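Thanks, everyone. Let me put the structure up, and then we'll go through a few parts of it.

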Amino acid sequence: MGCDRNCGLITGAVIGAVLAVLGGILMPVGDMIIQKTIKKEVVLEEGTIAFKNWVKTGTEVYRQFWIFDVQNPQEVAVNSSKIKLMQRGPYTYRVRYLAKENITHDSENHTVSFVQPHGAIFEPSLSVGTENDTFTVLNLAVAAAAHLYENPFVQVVLNSLIKKSKSSMFQTRTLKELLWGYKDPFLSLVPYPVPTTVGVFYPYNNTVDGVYQVFTGKDNISKVAIINTYKGKKSVYAVFGADVNLKGIPVYRFVLPSKAFASPLQNPDNHCFCTEKIVSKNCTLYGVLNIAKCKDGRPVYISLPHFLHASPEILESFEGLNPNEEEHSTYLDVEPITGFTLQFAKRLQVNILVKPSRKIEALKSLKRNYIVPILWLNETGTIGDEKAKMFRKQVTGKISLLGLVEMVLLSVGVVMFVAFMISYCACRAKKVK
């Protein structure tokens, strides 16, 4: 009888130990099996679910625009006053709904290259007005002409054409004209061949963005769809910001750091964005990047909206700007197991440099340089409810279930082992007595 009881207690302890060991083994082995299964479907190669959804995304991506309407154009042109800005928006377009093209795989580097066709569909229900709403904004052609042609004689000629076309430092344009292009009256009078259509995003429809090169994730699942290069150059990077719960899915939020817009003195990687010494104050201004090289020499600067993280002296030239981290920062939410970006918000501001000019009357009264905000955009995409449900079921649900099984086995096993061993030792001690 005593032997039977002792044998039973030892058997119970052994079973508990086996369960505990099994639970412990499942932790690394089970995770490895699930990740291997997931990896087969999330890498960007022909035949995977991820590749099919990546070529033509099923997630709706929207680009919202806020236009900076200048409230005191005459005061600025005559007295070089602070520019009073009123933000108007959002005006929303659906974008990135076309399939990627020219897809080329590089199995050696585990990358895939492609171009993204451009398309924009106006969404009235998500906008505060129509594409025919008008705004007072900087005259893009006048500001650029004075910057591109600094020869005094050429500027005298340009001045006569600007006056003849009745153009000035500021102009009134519809949303559609400002974004997608309009025939400029001043440029139309130039006696030699120049592009006469001007727009912040002209040309757009029927063009492509790229070439992008992204990682397939074949060698490292955490790098799936992360951009390696854009047009042959390194892309802007992001840094870890916080853990976030997105529709029941744990994700890592990565943010665009202020260092990305730092001066070359603070971040040497930005040296190529400083091409002159006067406007940049010997390359010490921060928070704006000069992308003139990408825009055929036109004085285009990009920044975060409302000059977030920019030099205080840049904001001093304006009224009506209120930078804040929550509304104006760029971020992307990445699911750490698959490397998929499930939500993102790309926020950027487009600015144009306008400088004083002795020979061009429209700019003659200016006493300082202005990096004038034209608009800022927020391009967003979020995983839909149905896809989030499927994702939870196929990925996070399996991992959570496995984790639960592991913990139950480990816990039950440990409890059983300890309980039966204590009982066995107690019985042995009683028998000795």
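Let's start with strand E1, residues 61-70. This is a predicted model, by the way. E1 is mostly covered: 10 of its 10 residues are buried. Look at the two faces. On one side sit Val61, Arg63, Phe65, Ile67 and Asp69, and every one of those is buried.

Now, which strands does E1 pair with? One is E20, residues 370-382, antiparallel, joined to E1 by 7 bridges. There, Arg63 stands opposite Glu379. Another is E2, residues 83-95, also antiparallel, over 9 bridges. In that pairing Val61 faces Val95.

Next, an open sheet. It has 5 strands, in the order E3-E4-E10-E11-E12, with antiparallel pairing. E3, at 101-106, and E12, at 233-234, are the edges; each has a single partner strand, so one side of each lacks a neighbour in the sheet. Inside that order, take E10 and E11. E10 covers residues 208-215, E11 covers 227-230, and 3 bridges join them. Tyr212 stands opposite Tyr230 of E11.

Last stop: Ser165. It lies in the loop between helix H5, 152-164, and strand E7, 170-174. Is Ser165 buried or exposed? Buried: its relative accessible area is 14%, and the cut-off is under 20%. Its side chain reaches the backbone oxygen of Ile162 at 3.0 Å. What does Ser165 contact beyond its neighbours within four places in sequence? Pro185, Phe186 and Leu189.

That's my tour. Over to you.

How values were computed
Residues are numbered from 1 along each chain as its sequence is written. This is a predicted model: local features need pLDDT of at least 70, side-chain atom pairs count only at pLDDT 80 or more; totals for chains, interfaces and linings use all residues. Side-chain values use heavy atoms; hydrogens and water are left out. Two strands pair if DSSP finds at least two bridges between them. Helices (H or I, at least four residues) and strands (E, at least two) are DSSP runs, numbered from the N terminus. Buried means under 20% relative accessible area, exposed over 50%, partly exposed in between (1.4 Å probe, protein chains only). A polar contact is a pair of N or O atoms within 3.5 Å; within protein, one must be able to donate a hydrogen and the other to accept it, and residues adjacent in sequence count only if both atoms are side-chain atoms. Contact means heavy atoms within 4.5 Å.
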